[in-house]
Amino acid sequence: MGDVQIKESAEQYDVLIVGSGAGGGMAGYVLANAGIKVLMLEAGPFFDPVKQSQQLKWPYESPRRGAGTTRAFGDFDAAYGGWQIEGEPYTTKDKTEFQWFRSRMLGGKTNHWGRISLRMGPLDFQPTDGLSDPWPITYEELKPFYDKVDRMIGVYGTNEGLENDPDGIFLAPPKPRLNEIFIKNGAAKAGVKVIAGRGSVLTEELPGNKDRGACFYCGQCGRSCKVYGDFSASSCLVIPAIKTGNLKVITNAMVRQVLTDKEGKATGVSYVDKTDGQEYQLKAKVVVLGASACESARILLNSATAQHTGGLANASGVVGKYLHDSTGASLGGFLPQLMDRKRYNEDGVGSVHIYSPWWLDNKKLDFPRGYHIEYGGGMHMPSYGFGGGIAKMNGAVPGRDGQTKPGGGFGASLKDDYRRFYGTQVGMAGRGTALARKENFCEIDPNVVDKFGIPVLRFNYTWSNEEIKQAKHMIDTFQEIMHQMGAVITSTIQGPETNYGLEAPGRIIHEVGTVRMGNDPKTSALNKWCQAHDCKNLFVVDAAPFVQQGDKNATWTILALSMRTAEYILDQRKKQNI
Amino acid sequence: MNRRQSIKALSVTALSAGLLLDACKTDTSKNTSEVDHTNLEYAAGLQDFEKERLEKLYAQPNFFNEHERNTLVILGDLIIPADAVSGSASDAKVIDFIEFIVKDIPDHQVPLRGGLKWLDMQCFSLYGKSFSGCSKDQQVEMLELIAYPGKTKPEFHQGEEFFNRVRNLVATGFYTSKVGIKDLGYVGNTPNKWKGVPAEVLQQYNLKDE
């Protein structure tokens, strides 16, 4: 290798955005549509679902039949990346655990996400139990932006008038599948309210939008959609923003750090081109980070200078701290009453048809906050792993002759059983609030760099009793619902030795909180506009600014916050403050 | 009915149908169904490292020798035989899937190779022959000892583990094939309009659709 050469661009962009997911994509969309010249850097390749989605492919078109060998969620899933990326390690401290999912591609994790689109509620922003800091904004302040996101992107659901699960501007929700009607009835008997799901899938054509088609019900949102019938930042934000002529994207651009001048102001970024290893420096008047909660924290911590000794935007020392993912636990089983069921196409949408928002009063419980429940089941397209649960099913109920035989087996009767049990399975999963704690954090590992020479993140994360008790409550509740709908549970019931099946931190891929907002520069990195307290032309628009997540998946709030921040950038530019 | 007609026939909105047809046009894949080393159209949308990995796997010699392969074919057809509805595991070329997947997921290799050997040695001590050399009755008798998790005698537990793995791989290989998908009666993966559970099905279970 020869001497290092850094190519510097003479051009100064109005705004430079790092990352093309929900946060970066929304900021780019708003700014480009306002006529601002925007440059966006993406660490992965270009991705357009029209061309690259694996939608409508059959399992036999994959030699591994959809197994997750190269993609965490299976061969047809849209995400490029995963829990581990070659040459891009991360580490953990003191034998704690954190799993970091990275999707390196245009649109990031929004290409494969579950499209579950929930607003956070008033109590999530301003909690009354004193266990986490309030946000510097209220639900009422963010509500207009949630409304605009609903109209612009489209989300189905029903207005329910629930206190902490705000209504929205909804398209018609998909009707429940057969299994889901059984779940709904069983849950009602168990005292758990079930309502229509809320998902960003176009169950109807989106008024005024001719670039996106309505859903055609293949149930494959996770593969990304060729007609843009669901929300991906690639299809709905970045590609339309490029079409304005004001946004340019550089792909395979791995950002090393934010550059600053003597006054401590951001002047641009440096990045390495992953395709040829060439180093670049770009100039911009405003830098916006939307690289994902942990990656944005990493960039800031790696941008330390004489003016910003502990990292950029980190005079408070909070960058990397307060990392939190949603809690998660799940249970599966089957409905014997659905054996030998009639066949028809029930693929539906690829997001949830039904769900349960948090329904209980914490005063009567031994843990704070709560969780929502996502449900599924039915006659899905077979894929790798199909039939894996048969030995726990065909020995649990009487056969055609009325006799109960041992589970498993082989031959004609087994083959008959695969048919009989097809479509009877049901599953449920809780997604709950983990508390934002200073003690759970990511930091720069002092000893390790990735293949680009960029210091990597080291995680330190442990669950506390609050989260473990919540998982126990989930598992107890799921068993009761299964019982009430007459299902046979096939999952192993997890006990205290496995934290009641509580997933490892990071597994739910709802990590937030690492560059948090706040009114006090001593205890927060960003102000209420997601603008760095100590660097006025630097903004963060992904999930890093979250003070405390609710039991709501993060994406809809990322979109609303990013839109609000982008409008603030426009306003501040007009006032010549940045 | 070709894809264009099928999309038209279903009540997909005009806008969706148009966009989907455009998407199908730009898709470089031919209308093929099975994939082998001469046919990597499936790779449209794959990342470079995924394509390279696939080429590398296809270039490898077979993992299973002829005896192991024959034994797996016999096991496959004992697990999923032909019946009035559909063909057998070998009709669906399940062995080709298993041969590929052990290269793709090497964790399968030792348990399968060792398990096949275990099976042969058991058959040799019981019947004086390898599994594939046994009569069908003997083969069935052998499988009865290892096919029911929870009921297996302690001395056959390794066999139970092996057979669970084979059963599951055969089930995946069969039910993800065209033959198996038809057998199951899965009728999705095609543009349509979801209108809720059909009325006669609601009636069958005495349910209401809200």
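The exercises below work through a predicted model, from its confidence to its helices, sheet and aromatic rings.

Residues are numbered from 1 along each chain as its sequence is written, with chains lettered from A and ligands numbered from 1 in the order in which they are written. Local features need pLDDT of at least 70 and side-chain atom pairs count only at pLDDT 80 or more, while totals for chains, interfaces and linings use all residues; side-chain values use heavy atoms, with hydrogens and water left out.

**Exercise 1. Find where pLDDT stays under 50 in chain B.**

Step 1: pLDDT is the predictor's confidence in each residue, from 0 to 100, and its mean over chain B is 86, with 79% of the residues at 70 or more.
Step 2: One stretch that stays under 50 is residues 1-11 of chain B, for which the model has 15 contacts (heavy atoms within 4.5 Å) beyond four places in sequence.
Step 3: Residues 26-41 of chain B also stay under 50, and there the model has 26 contacts beyond four places in sequence.

**Exercise 2. Describe how helices α5 and α7 of chain B are buried.**

Step 1: Helices (H or I, at least four residues) and strands (E, at least two) are DSSP runs, numbered from the N terminus; buried means under 20% relative accessible area, exposed over 50%, and partly exposed in between, with a 1.4 Å probe and protein chains only.
Step 2: In α7(B), residues 136-144, the buried residues are B:Gln138, B:Gln139, B:Met142 and B:Leu143. They fall within an arc of 135° seen down the axis (taken from the directions from the helix axis to the C-beta atoms), so they line one face of the helix.
Step 3: The face of α7(B) turned away from the buried side carries the exposed residues B:Lys136 and B:Asp137, whereas the buried residues are covered by elements including α4 (66-79), α6 (109-127) and α8 (157-175) of chain B.
Step 4: Leaving aside neighbours within four places in sequence, B:Leu75 has contacts that include B:Leu143, B:Leu116 and B:Phe162.

**Exercise 3. Classify the ring pair of A:Tyr90 and A:Phe459.**

Step 1: Rings of Phe, Tyr and Trp (its six-membered ring) pair if their centres lie within 6.5 Å; planes under 30 degrees apart count as stacked, over 60 as edge-to-face and the rest as tilted. The structure holds 35 aromatic pairs over all chains.
Step 2: The centres of A:Tyr90 and A:Phe459 are 5.6 Å apart and the planes lie at 85°, so the pair is edge-to-face.
Step 3: The pair links distant parts of the chain, with A:Tyr90 in the loop between β3 (81-82) and β4 and A:Phe459 in strand β16 of chain A, 369 residues apart. Both residues are buried.
Step 4: A:Tyr90 and A:Phe459 also belong to a cluster linked by ring pairs, whose members include A:Phe98 and A:Trp100.
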